[in-house]
Amino acid sequence: MQPRNMSMSGVVDLAAVKAAGEAKAKAEQARAEAARQGGTAAVPPSALVIDVDEAGFERDVLQRSAEVPVVLDFWAEWCEPCKQLGPLLERLAVEYHGRFLLAKIDVDANQMLMQQFGIQGIPAVFAVVAGQALPLFQGAVPEAQIRETLDQLIAVGEERFGLTGIAVDADADPSAPAPRPAGPYDSLLEAAMVALDAGDLAGAVQAYKNVLADDPAHPEAKLGLAQAELLARVQYLDPGAVRRNAADDPADVTAQLAAADLDLAGGHVQDAFGRLVETVRRTAGEDRDAVRLRLLELFEVIGSDDPRVTAARQALARVLF
């Protein structure tokens, strides 16, 4: 699955050259003013991840984006993929040592920001660079591709706007939590993440299955397996051909399954669920069972607490019974 707008050339297209020039000038003015006042003090690593709401958006995001790229993580408490992506972004924010700032936005509490950014599904990740916003990716994305996106974002911030990041004082955070003791399955879960980073989806699937063999209810392994299997299914699909086949023949179960996988991988959760519920309604026998089981697998990717899963389960029950 490829993130949307992986090429940072999208920054150039986001606004006219004139607007980009104005943004650079504003960023330079902001840095000059900060230098006149004695410069920006070094911050502890914990300050690299902030919670942002509508009231503080201009101060915490727009103004800060004059000195450092600000990555926006749109999330919600009920979103299971968010619970996997969020900690990963937080870890990378600390690891990148001030080269970008991570701003977390709870969409349930900040509906206006969600609408302004045109969020159709979460998790969704955007960036603001020198006052300009651009989409980075949406949905479940492997760490290696996230790193590639961040590297490109940082390079554009430096080359086009002179953003050099913020100073970090690693010794100024005495309240930082102690390392978590290793759990019984940490090595297997780490092996799964390493395999994902290397593009070895089969290896990741097997690592998650190894955990579930001992603990069938392990939540992180269940979610990871569902996501890894989804990534494996869509990895080599031709999106254009898949969608044409699905549109041309609604009765083609294989085409509808593939299109639903692409929908979900792209963050279009309700489209994926609706497509499969409708396919269940139109089919019978083994075909119906295959579609129903795939829908249940996609529920695992999103999480049972997601209201979209609840609604889809109700719709599925209506067509089955």
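**Aromatic pairs, buried residues and a hairpin**

Tyr-96 counts as buried because its relative accessibility is 13%, where buried means under 20% relative accessible area, exposed over 50% and partly exposed in between, with a 1.4 Å probe and protein chains only. Phe-100, at 0% relative accessibility, likewise counts as buried. The model is predicted, so local features need pLDDT of at least 70 and side-chain atom pairs count only at pLDDT 80 or more, while totals for chains, interfaces and linings use all residues. Residues are numbered from 1 along each chain as its sequence is written, and side-chain values use heavy atoms, with hydrogens and water left out.

A pair of aromatic rings is described by the distance of the centres and the angle of the planes. Here rings of Phe, Tyr and Trp (its six-membered ring) pair if their centres lie within 6.5 Å, and planes under 30 degrees apart count as stacked, over 60 as edge-to-face and the rest as tilted. Searching the whole structure gives 6 aromatic pairs. One of them joins Tyr-96 to Phe-100 edge-to-face, with 5.6 Å centre to centre and 65 degrees between the planes. Phe-273 and Phe-299 also form an edge-to-face pair, at 5.0 Å centre to centre and 85 degrees between the planes. Because Phe-273 lies in helix α12 (residues 269–282) and Phe-299 in helix α13 (residues 285–302), this pair ties together parts that are 26 residues apart in sequence; helices (H or I, at least four residues) and strands (E, at least two) are DSSP runs, numbered from the N terminus. Both Phe-273 and Phe-299 are buried. Elsewhere, ring pairs link Phe-57, Phe-74, Phe-117 and Phe-126 into a cluster.

Asp-73 has its place in strand β2 (residues 70–75) and is buried, with a relative accessible area of 2%. Leaving aside residues up to four places away in sequence, Asp-73 touches several residues, including Gly-86, Leu-102, Lys-104 and Val-125, where contact means heavy atoms within 4.5 Å.

Strand β4 (residues 124–129) and β5 pair in the antiparallel sense over 6 bridges, two strands being paired if DSSP finds at least two bridges between them. The two strands β4 and β5 form a hairpin with 2 residues between them, and Ala-130 in the turn has a positive phi of about 50 degrees. Strand β5 (residues 132–138) is mostly covered, with 6 of its 7 residues buried.
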